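Please look at the sequence and the model first.

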Amino acid sequence: MVTSIRPSTTTVAIIGMGSRGLGLLERLVAHCLTRPAPVTVHLVDPQPPGPGFHLADQPDHLLLNTVCSQLTAFADERMVEGPAPLSGPSLAEWCQERDLRLADDGRTVRVGEGHRIRPNDFLPRRLLGEYLAWAAEAVVAAAPDCLTVVPHRCEAVDVRPGPAGTEVVELADGTLVDADAVFVTVGHHSLYRPAAPAAEPRLITRPYPLPEALDGIAPGERVAVLGMGLTAMDVIASLTLGRGGRHEPHASGTRYVPSGREPGIVLANRSGLPSRSRPYLAPDRVRCAPLALTADAVARLRSRRADGRLDFAADVLPLVEAEMELAYHRTVRARECGDPAAADREFAERVREAGYETLLEECRDRWGPAPLDGILSAAAAGRQWADHDAYTRWFTGEVAADLVEARAGLGVSPLKEALEVLRDHRDVLRTAVDAPGLDDASLARFFGEFSTTVNRLVIGPQLDRSAELLALVEAGVVRLGPGPRPKIIAPAGQGPWILESTALLRPVSVEADHVVHAHVHEPSPARVPGSLLATLAAAGRIRTLGSRGGPAHGLAVTREGQGIDLAGNTQPRLFFLGPHTEGSSYYNHYVPSPGLPSRALMDAELALSTSLPSVITRKR
C-alpha cells in the first residue's frame, strides 16, 4: 500500500542524515528558533541520524585523523553567516563532560580510566559516531513548535518532479513524500553497498568494513597493502593491533610486540613516497590570515579570463607556493622574536606596504630560500635507488625526519606551518574550484596530482601511527615494497601475486598471497547500481563531471547546490551537498570545526536560503 504525505506547510526532505544532513537540520532549527516559521522536515535514512559512516561498533584502534577539539556538530557565530542560538560541546568537551579517558596506549577509551582527554588527542572514530548520534537527538529536541520533524528509517529510492512545483520522494517502503525542496546528503553512499566481486582471487578491492574485510588473510600469510594513506594505516592497524599485537615504549622510541597472529605485510604505492604525519597542535597556535593566497587574488585572476575559468598551474599554484613560503619564514621569524602574533602582524603590515612578492624577497635575503622545492610534486622526481635496502633506508629516514617536525608541531616547525597552508586556506582553494571553476585540463590536474599530493602532505596519519610504522618495519612485520611504481602481476591459478620493482637499479620482486587496495575512491555517482544517485542519473535528472575527462566525476551542481541535469538545466528544488559533489567544489568530506568559518554549514545555509527565502535569512 502506498502512503502519500502531502505538505500543509513548507516541507523539506533531507535524504541522508550523516554529518552533512545533521548540519542542514541544525541550520534549519537555528533559523526557526530565531525567526519562527511553519516548516515540516522529513529525515530519510535507514540508520539513526548523526553518525553516518562513523559506526559505533568500530574497534578503538581505528582513529580519527583530526584532533577532537576541531570537531563539532554545533555552530557558533564565527562558523556561519546566520544565527547561532544552539550551543553545544565539541567532541573534546563532550568526552570531558562524561569523564571519558584515554589509556596509555593512545587509543583505548573508557570512563574514568586513563588520562583526561586533551584537546589535541586523536580519538577512536566510534566516539565521533556516538557524539554525532547524541548531537542529533539534542538538535531535534531543541526544535521549536513551529518545526515538525518526521523521521523515516528507510531508504529513498527515487525523487521525481511532483505537482504544483514540488518534488516527490519515493521511499523503499512505498511512502511518497511531497516536498518543496529536497536535499540529498548521502555522503560516501557506495560504502554502504556490497563491493563488486574481485576480478582475481585473493584481491580485496574495498577494505571496509574493518576488520571483517580482512578475515580471509590468515596468520603467517603475506599480504601486499597498496597505498600509504589513512586507509592503509587502518588496514595495518587491523592486521596488527586488531590481532593482539601491541606497541610499547622502548629506548629507541616504540617497539612492536607481535601476537603471532599477524600476516607479513608488504607496503607499496605508486609514488614510493610516505604520507606525512599530522603534527602536534599546540593549544596557543596562531592561525594566520592568508597573505598571497586570498579569495580577492583568485577573483582578480578570474576576472582576466574571458570565460572566467582559471588555469590552475598559471593562476593559482604560484599563490599556493608563495603562501607556503611566507608561512615558513613567518614561523622562523616567530621563533626569533618569541611572539607568533607579533610575527603575524609584522608580515601582514609589510604585505600591505609593499606586497607579498617584496616580502618574499626580503625573507630570502635574510634567511635563505625555504626548503620547499618540489614538495608539491606527487612523485619521487625520477629518483632511483641502488637496491631494496637503499630504498628502505631512504623511506624510513623520511618518515623519521617528518616525525621530528610533527612532534615539534604547528607554531614551532616552519615546515609543518608551510604545509598547513593547504588545510588552513582550503576555503580559498574552494573559491578557485567553485563555478565557473577551472578549465578542463586544470580540473583534471587539481583532482588528480594536486589533491593527491595535498592528502599525502596534510591529511596523513596521526604522528603515533608513523612511529608505529617504523616499529613494525624494525620488527619485520612490515616490509617496504619494491619502490615506486611497482609492476603488479596477478596470480596464475593458485600461484602468488608478484610485485616487481621498476625504480631500483638492482631489480627485486616480492611475492604475496593477498593484495589489498588500501585506498577508497568513491565511484561516479552514476555507477553505483541500485543507489538513489544512479537512479537520478539514469533518469537524466543529474549529470556528472565525467564528460570533462580526468578524475573529477562528482555531480554537476550550482554554487547553491542545485543539481544540473543532462540538458544543462538547473533543478530548482533538488539540492546535493557532500562528497558526491567533489569536482563542483573541493574537499567535501569533513565535520565542521568550532570557531572557524565552516564551508559545510555555510553551504547548508546557502541551499536553504535559495529554497526557502521566506524562512532563511543568512546575514545577521
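## Handedness of H5 and H11

The model is predicted. In this model, helix H5 crosses helix H11 in a right-handed sense. On the H5 side, the residues that make the contact are Ala295, Val298 and Arg302. On the H11 side they are Val428, Thr431 and Ala432. Sorted by class, the contact of H5 with H11 has four nonpolar residues, one polar and one charged.

## Geometry of H5 and H11

Two packed helices are described by the angle between their axes and by the distance between the axes. H5 covers residues 295-303 and H11 covers residues 426-433. Their axes come within 9 Å and cross at roughly 15°. Angles under 35 degrees count as roughly parallel, so H5 is roughly parallel to H11.

## Geometry of H1 and H15

Helix H1 spans residues 19-34, and helix H15 spans residues 599-611. The two pack at an angle of about 60°, and their axes are 9 Å apart. That angle makes H1 oblique to H15. The crossing of H1 and H15 is right-handed.

## Residues between H1 and H15

Which residues of H1 and H15 make the contact? From H1 come Arg20, Gly23, Leu24, Arg27, Leu28 and His31. From H15 come Ala600, Leu601, Ala604, Glu605 and Leu608.

By class, the contact of H1 with H15 consists of six nonpolar, two polar and three charged residues.

Definitions and conventions:
Residues numbered from 1 in each chain as written. Predicted model: local features only at pLDDT ≥ 70, side-chain atom pairs only at ≥ 80, totals over all residues. Heavy atoms only, no water. Axes fitted to C-alpha atoms, helices over the stretch in contact; angles between N-to-C directions. Helix = DSSP H or I, 4+ residues; strand = E, 2+ residues; numbered from the N terminus. Parallel < 35°, antiparallel > 145°, perpendicular 65-115°, else oblique. Left-handed = near helix turned anticlockwise from the far one by under 90°. Contact = heavy atoms within 4.5 Å. Nonpolar A, V, L, I, M, F, W, Y, C, P; charged D, E, K, R; others polar.
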